[in-house]
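The sequence and model are shown first.

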Amino acid sequence: MKFWKTISLVLVLALLSVSAVSAKEEYTVCPSTEENQSVSVKVYSTITQGQTKTYTSNVGTGVQRLEVDLNWGDSSDSLSVAIYTPSGTYVGKFYESADGNIDGRVHLDIVPGQGYVQSGKWKFNIRGESVAGTENYNFNTYSH
């Protein structure tokens, strides 16, 4: 009996000593250069100052990268997109400049550090950070 307690204690301590890996370490987020892919989500909507809208996209198995494209085309307004994996891990919140351009668009690729993009329902919160009146936008995700 003492042997099993000792083994259990060693296993618990070993598991506790393993550091958790955040989504920021698991995924690289970089500007996308892709255009005109097959659409996973295609949303046309409007947003106002301080408003947040949530969308989900089902990602299948074997996906090597996930492309995210939030486009409102008016750089005088500011929108953001917060991204969460199917397990609920926060990947990050991305603004217009995240893709290196100030053009009313956040266009990114999410690339896993190894293996494939986590399959399941990804969540995206789009927020009107600084919007005068109402801003039209479209939001798409593409699996590659």
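The sections below go from the basis of the model to its charged residues.

## Basis

This is a predicted model, in which local features need pLDDT of at least 70 and side-chain atom pairs count only at pLDDT 80 or more, while totals for chains, interfaces and linings use all residues. Residues are numbered from 1 along each chain as its sequence is written, and side-chain values use heavy atoms, with hydrogens and water left out.

## Overall fold

The chain has two helices and nine strands, where helices (H or I, at least four residues) and strands (E, at least two) are DSSP runs numbered from the N terminus. Along the sequence the pattern is α-α-β-β-β-β-β-β-β-β-β.

Of the 144 residues, 35% count as buried; buried means under 20% relative accessible area, exposed over 50%, and partly exposed in between (1.4 Å probe, protein chains only). Among contacts (heavy atoms within 4.5 Å) with a separation of 6 or more, 82% come from residues 24 or more positions apart.

## The four-stranded sheet

An open antiparallel sheet is formed by four strands in the order S3-S8-S5-S6; two strands pair if DSSP finds at least two bridges between them. Strands S3 (52–59) and S6 (90–95) are at the edges with a single partner strand each, so one side of each has no neighbour in the sheet.

S3 pairs with strand S8 (residues 120–130) in the antiparallel sense over eight bridges. Threonine 56 stands opposite lysine 123 in S8.

## Salt bridges

The whole structure contains four salt bridges, each defined as a side-chain nitrogen of Lys or Arg within 4 Å of a carboxyl oxygen of Asp or Glu. One of them joins aspartate 69 and arginine 105, with the closest N and O atoms 2.7 Å apart. Aspartate 69 is in strand S4 (residues 66–71) and arginine 105 in strand S7 (residues 105–112), so the pair ties together parts 36 residues apart in sequence. Both residues are buried.

Glutamate 129 forms a salt bridge with lysine 93 (2.9 Å, N to O) and another with arginine 127 (3.7 Å, N to O). Through shared partners, Lys93, Arg127 and Glu129 are joined into one network. The relative accessible area is 22% for glutamate 129, 33% for lysine 93 and 28% for arginine 127.

## A buried glutamate without a salt bridge

Glutamate 135 is found in strand S9 (residues 134–143). Glutamate 135 is buried but has no salt bridge, and the nearest side chain of opposite charge, lysine 53, is 12 Å away; Lys and Arg count as positive and Asp and Glu as negative, with His and the chain ends not counted. Leaving out residues up to four places away in sequence, glutamate 135 touches residues including Trp72, Asp74 and Asp77.
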